[in-house]
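Subject: The two-chain model, and what turned up in it

Hi,

Here is the structure I promised to pass on. Have a look at it first, then read my notes below.

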Amino acid sequence: MKRILIVDDDPIIRNLLEQILEPFEEKNVEILTAENGLVALDIIREKQPELIFLDVMMPKMNGFEVCQKIKSEPPEKIPYIVILTAKGQEADREKAKASGADFYITKPFNINDLLNKVSEILQIKLD
Amino acid sequence: MSKLFKKTLLLIIILFMIIAFTIAISTGWNLYNDLLQEYKSKGTAIAKSVASSSIETLLNRDASTIQAMIDRFLEISGVSYIFVVDANGDIISHTFIPTIPDEISKIKNDKPRDTYVKEIVFEGLGTFIDITSPILEGIAGYVHVGMDKNNIMAQMKSAMIRQLILISLIFIFSITIAYILVNKVSQPLNALTDYAKKLTLHDFSSPVDIKSDDEIGLLANTMKSMATDLHEVFDRYEQAINDAIVELQNTLAYLTAVIDNMADGLLVTDTDGVITHVNPALSYMFNMRESDFIGRNCRSIFGDNFAEVVEKSRMNADQIFTTEIELAHKRIGKAVATGIHKETIQSDDKGIGAVILIRDITSEKEVDRMKTDFISTVSHELRTPLTSVRGFTEIIKKRLEEDIFPNVTNDNKRVLKSISRIRDNINIILSESERLTALINDVLDISKLEAGRIDWKLENVRPADAIEQAIIATSALFEQKKLLLIKDIEENLPEIICDKDRIIQVIINLLSNAVKFTDTGSVTCKAKKLDNSILVSVSDTGIGISETEKDHVFEKFRQAGDTLTDKPTGTGLGLSICKQIIEHYGGKIWVESELGKGSTFYFTLPLKNINDVSNINKMEYNYTEKE
């Protein structure tokens, strides 16, 4: 079973992403959520998700720090990290790259683009 | 006494003295000779007379007779002594009183055959002329007559002194006469000279009292009238100069007051960048004394960057250069440098210095930073709810289209109408949220542009590539409105150095604007090379822009049409962003349009010196380049 982890402090965004990714649940993909970086790290160690959507501005530990932590203490299965943020500046993109993120999507985003990206990463085709 | 007279007087005195002494000497000499001759002949006569008359007496050796005779002769002037010796050399009688001098013994034995004259010196008595005359050819003896030569000398001396005194008196008399005469001639000349001297010292009021009607008088009169004229002219000029000085002082005081009371710092440098003037505001800004600036090179105080800006402004008459500069107390100043150029601009004009105004922009920068931060924060905060709105709307739309609508029984007209409305409404929410996203992006963009927080990449860009990419990005819009796009791009356009993404952003903006305001017809995109730049134009056959609107289209939140009646379809920031980008590269952007017939937007990008231009702008926008 493949897993997607959504890390965002905003429950509405978590909810939105869960609903967007619903089609993948039908394809036997588990959707996990975490409201901050520390919880996220626990889940990553425990559940080994293939794909992580990571918000940047979060309390306790921001997205870049989570990213760095994953890269410095890699879990068994190295996840594909997509930074999903309202910060769309060039500098933020550079930071994301530097902290080891694989992809960068700015909010607000287009649903179809997001779905296409997920199927590409998980190699699961939607109907 | 006139100098002329003094000079000649000295010469005359010398000459006179030579002449006077020559005359005196020659006179004395003549007198001496004459007297000597006279004494000799007198003595000879006396001697002969004594000799002839004393023969008998001598033979008789009648000494008393002889004595009486010689005593008689002694009374003749000049005769000092007479004595008679016999053939044996014994003195028979003499006139010596009281004793016969010793020197007589040397001559008493002389036995000349004829009358003989010789000089003898008696110690203590002087020189005498001794005339010896034989009596009876020496048989009876000899008569010696002594004439006093001292007498001759004394006479000669007194004669000479008399002569000298006389000549001197005559000379003094002549000199006095001459002096009076010369003075009479030179006095008016002297007076005139004094007058001329006073004139040279600008003393025109002194009187000159020369009334003679000769050349000197004429000269004096001419000088007087000249002095009067000069006086007038001088007075006039002096007045004019004084007026001008007062005016200049007033102007200077005014200007100094203006400069000293300016809130901005003022700095003036010469051709070498050496500081020649600062105002109190500048001293305060840098927390230094005025004397710390004057005479020093601005490079040594303000650094290389500042000095370069100053140098550039001096070299370019018609350009103003700006830079930011660190002030005292961690404040920031904006320096605006302008070259000082004389009005006679030559081809090799390099300027005679530069004026630099420095304004404390710390608070402006702070406000600017706060504004940008605020906009940045607000737009980030807006993005999150916008993400939800857009995301959920899309999900709702999907669910409706996939799960709800197909299962609605479609025989009810009202339900069908509702479905159609919901579909429209959801699409409106989606397009509006998209517009909101674009607006947030544009606001963020423009606030960053204005605050100079854009990272400008510098890369070689082929204009044709940039246009092509912009066309691809906007192709969907053209398809939607079924408009024709005509491309007219000159071949082999030179590359420009700029940020490709930014240029594409400009072209996309212009193309999408063209599509937005055009319902039928076509959009034409042209590009060609001008002398020093690339010209790109986008023309449409749309609604056009009125003359009054034309001036405002590049302003923020301005759009063609009335925003109160026409529903705006863009953010109103696109053209403002375009303008900022193009001007960043030293280019120009403008529009030509005719209402109802369409518009053409043009922009240029310079080919040369693009580095220079961007450097200047970097300073202006406080450009921070990434390490």
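Leaving aside its neighbours within four places in sequence, which residues is H380(B) in contact with? They are A86(A), K87(A), G88(A) and Q89(A), where contact means heavy atoms within 4.5 Å.

Before going further, some ground rules. This is a predicted model, so local features need pLDDT of at least 70 and side-chain atom pairs count only at pLDDT 80 or more, while totals for chains, interfaces and linings use all residues. Residues are numbered from 1 along each chain as its sequence is written, chains are lettered from A and ligands numbered from 1 in the order in which they are written, and side-chain values use heavy atoms, with hydrogens and water left out.

**Where the chains meet**

Back to H380(B). This residue sits in helix α11 of chain B (helices are DSSP runs of H or I with at least four residues, strands are runs of E with at least two, and both are numbered from the N terminus). H380(B) counts as buried because its relative accessible area is 7%; buried means under 20%, exposed means over 50%, and partly exposed is in between, with a 1.4 Å probe and protein chains only.

Now the whole interface. On the chain B side, 17 residues are in contact with 21 residues of chain A. The size of an interface is often given as the accessible area lost when the parts come together. Here the two chains bury about 1800 Å² between them, and 59% of that is on carbon and sulfur atoms (buried area is the accessible area, 1.4 Å probe, that two parts lose on being put together, summed over both). In chain B, the residues that lose the most area to chain A are H380(B), T387(B) and F392(B), together 28% of what that side buries.

What holds charges together across the interface? The count between chain B and chain A is 1 salt bridge, meaning a side-chain nitrogen of Lys or Arg within 4 Å of a carboxyl oxygen of Asp or Glu. The partners are E22(A) and R399(B), at 3.1 Å from N to O.

The largest share, 13 residues, comes from α11(B).

**Inside chain A**

Chain A has 6 helices and 5 strands, and along the sequence they follow the pattern β-α-α-β-α-β-α-β-α-β-α. Of its 127 residues, 52% count as buried. Among contacts in chain A between residues at least 6 apart in sequence, 65% join residues at least 24 apart.

You will find L17(A) in helix α1 (residues 11–20), and it counts as buried because its relative accessibility is 1%. Leaving aside neighbours within four places in sequence, L17(A) is in contact with I6(A), L84(A), F109(A) and L114(A).

**Salt bridges to look up**

Over all chains, the structure holds 28 salt bridges. Here are some of them:

- K107(A) and D55(A) meet at 3.4 Å, N to O. The pair links distant parts of the chain, 52 residues apart: K107(A) is in the loop between β5 (103–106) and α6 (111–122), and D55(A) is in the loop between β3 (51–54) and α4 (63–72). K107(A) is buried at 2% relative accessibility, and D55(A) is buried too, at 5%.
- R45(A) and D42(A) meet at 3.7 Å, N to O. Both lie in helix α3 (residues 37–47), 3 residues apart, about one turn of the helix. D42(A) is partly exposed, at 42%.
- K550(B) and E547(B) meet at 3.4 Å, N to O. Both lie in helix α15 (residues 547–550) of chain B. K550(B) is buried at 19%, whereas E547(B) is exposed at 55%.
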